[in-house]
Structures are given as C-alpha cells and as structure tokens.
Amino acid sequence: MGILTGEEGDPVALENGVARGPVVLVCEHASRLLPKALGTLGLTEEALESHIAWDPGALAVSRLMAQSLDATLVFQRFSRLVYDCNRPPESPAAMPEKSEVFAVPGNAGLDQAARDARTQALYLPFRDRLSGLVKSRIAEGRAPVIVTMHSFTPVYFGKPRAVEIGILHDADTRLADAMLAAAGSAGPFDIRRNEPYGPEDGVTHTLREHGLANGLANVMIEVRNDLVKDEAGQRVVADYLAGLLKKSLSAIQ
Ligand SMILES: [Zn+2]
C-alpha cells in the first residue's frame with residue numbers, strides 16, 4: 001500500500017543544489033507534516049505540534065546557514081513520527097511507538113508490510129537522494145562535509161536542560177573537535193560535546209551512513225529549540241554556527 005499520493009509530492013527536498021561551498025546540510029526532522037493516508041496517528045494537536053513530531057526551528061536555521069555557507073540543503077518533508085530518517089529501517093526508533101511522554105497509537109504494533117511501506121515511502125528516497133548528491137560531489141573532485149542540523153526540547157521528561165548547543169560526533173571527531181576548539185569557553189552559548197545526546201543513543205545514523213562510510217568530515221549539531229523559536233533567534237544561531245563552521249573547516253583542511 002502506498003503512503004504518499006502523487007499530489008503530496010516528493011518526500012525529499014533539495015535546496016541550493018548548485019552551491020559552491022563544501023558543506024552539505026541535512027535536516028532529517030525538518031517537518032511535522034503527516035501523509036494524508038495516516039491521519040493524525042491517533043495523536044492530539046498538542047503532540048503533533050511538539051518536538052516529538054519535528055525539530056522546531058531546525059529547518060529555518062538550516063536555510064539561513066545554507067545561504068551564508070553557500071551550501072546545499074537536503075531535508076525530509078514529512079514528520080519523523082512516520083519515519084525518522086536518522087534511523088535505519090531495523091531500528092524500533094525509526095517508527096517509534098512511544099516518543100518521550102507521548103504514546104503514538106498509529107505506530108503501535110506495525111507489521112512488516114506497514115514498516116516496509118513507510119521505509120519505501122520516506123527513508124529510501126531520502127537516503128538515496130543524499131547518497132547520490134554525495135557521490136556526485138566526490139566524482140566532481142569536491143568531497144563534501146556532512147553537517148546534520150537538529151533541535152532539542154529544553155525540558156525532557158520534566159527535567160530542564162542547561163546545554164544550549166550540542167556538537168555531536170561518532171568515530172570521526174575531526175570537525176567536532178575543531179568546532180569545540182573554535183567555540184572556546186567564553187562564547188555566547190553553553191556548547192558541549194555529545195550532549196544532550198551522543199552516539200550511544202543511536203543518533204549518528206546519518207553521519208555513519210553518509211560521512212564515515214565515505215571518509216568525509218562530519219558533525220551533527222543540536223540546538224535547544226527555545227533559542228530558535230523566532231526569526232531573530234534563528235538568525236543569531238545560524239550566523240554563529242556558520243561562523244564556527246567556516247573557522248573549523250579552514251582549521252582541518
Ligand atoms: Zn532531530
């Protein structure tokens with residue numbers, strides 16, 4: 001059974017495809033849009049607007065960074081609740097039955113056919129578009145740098161989080177090390193390594209699949225979403241991160 005109708009369009013969006021800069025920005029959790037065929041997944045409007053459905057502010061910040069860095073941006077147009085593109089198909093978290101404090105009724109007890117349908121509708125086109133872009137850049141002799149952009153909730157399971165920006169990495173620490181060194185300790189944000197999540201939480205799937213597998217420098221950036229809830233905040237964070245990336249990229253080249 002198909003998940004998306006033709007009029008819902010391509011699940012993957014690619015912006016600034018002719019960019020000249022080395023960075024490819026990736027936003028797996030850009031949108032809270034649900035395919036019409038799946039209704040509300042049994043969730044309330046409150047849950048569907050919350051961080052469990054998407055990463056609020058992440059796409060806006062990514063678009064601003066794509067401009068400053070002259071970078072190509074690839075993002076998923078549908079909600080992570082349907083398929084979390086930062087997880088492989090075999091992971092239970094790819095189609096979570098529970099997300100933080102919310103049970104997701106529409107994801108309960110999915111059989112293999114339903115899981116395969118979501119994987120084919122959302123994950124495979126996303127993975128293939130990104131890997132196609134990466135391969136063509138490598139073939140052109142300009143190996144890209146993979147930067148995935150996320151936001152996180154300031155309060156998780158009732159606990160406030162102090163960290164404002166997380167610089168996350170898996171086995172390849174080059175770019176994360178350079179960014180943390182460039183950020184120093186006197187910057188405008190509370191910026192930390194592998195917080196509020198790290199590779200042990202399974203959040204580095206995209207980095208591994210597209211960065212590590214190709215030997216490309218890569219990093220995942222997590223921004224606390226209260227900092228990017230309006231345009232002014234998005235601009236401040238995007239300018240800061242674009243500056244940090246420029247400095248760090250010249251340091252590791
Ligand atoms: Zn995210």
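Colleague: What share of the 253 residues in the protein chain is buried?

Modeller: Buried residues make up 54% of the 253. Buried means under 20% relative accessible area, exposed is over 50% and partly exposed lies in between, with a 1.4 Å probe and protein chains only. Before we go on, this is a predicted model: local features need pLDDT of at least 70, side-chain atom pairs count only at pLDDT 80 or more, and totals for chains, interfaces and linings use all residues. Residues are numbered from 1 along each chain as its sequence is written, and side-chain values use heavy atoms, with hydrogens and water left out.

Colleague: Thanks! How many helices and strands does the protein chain have?

Modeller: There are six helices and eleven strands. Both are DSSP runs numbered from the N terminus: helices are H or I with at least four residues, strands are E with at least two. The radius of gyration is 17 Å, close to the 18 Å that the globule rule gives for 253 residues, so the chain is as compact as a globular protein of that length. That radius is taken over C-alpha atoms, and the rule is 2.2 Å times the number of residues to the power 0.38.

Colleague: Now the metal. Which residues coordinate the zinc ion?

Modeller: His29 through ND1, Asp55 through OD and His150 through ND1, at 2.0 to 2.1 Å. Donors are N, O and S atoms within 2.8 Å of the metal (3.2 Å for Na, K and Ca); water is not among the atoms, so sites may look incomplete.

Colleague: And how are those donor residues spaced in sequence?

Modeller: The pattern is H-x25-D-x94-H. His29 sits in the loop between β2 (23-27) and α1 (45-49), while His150 belongs to strand β6 (residues 145-152), so to speak a link between distant parts of the chain, 121 residues apart.

Colleague: Are the two histidines, His29 and His150, buried or exposed?

Modeller: His29 is buried, and His150 is buried too.

Colleague: Switching topic: where is Ser62, and what is it in contact with?

Modeller: Ser62 is in helix α2 (residues 58-69). Ser62 counts as buried because its relative accessibility is 0%. Leaving aside neighbours within four places in sequence, Ser62 is in contact with Leu25, Cys27, Leu73 and Met149. Contact means heavy atoms within 4.5 Å.

Colleague: What about helix α4, which residues are buried there?

Modeller: In α4 (residues 174-183) they are Leu175, Ala176, Ala178, Met179, Leu180 and Ala183. Their cover includes β6, β9 (165-168), β10, β11 (218-224) and α6 (231-252). Gly184 follows α4, and its phi is positive, near 60°.

Colleague: Which residues other than glycine have a positive phi?

Modeller: Among them are Asn16, with phi near 55°, and Leu41, with phi near 60°. Asn16 is in the loop between β1 (12-15) and β2, and is partly exposed, with a relative accessible area of 33%. Leu41 lies in the loop between β2 and α1 and counts as buried, at 4% relative accessibility.

Colleague: Last one: which residues does the cis peptide bond join?

Modeller: Glu195 and Pro196, with omega about -5°. Pro196 is in the loop between β10 (191-193) and α5 (205-211).
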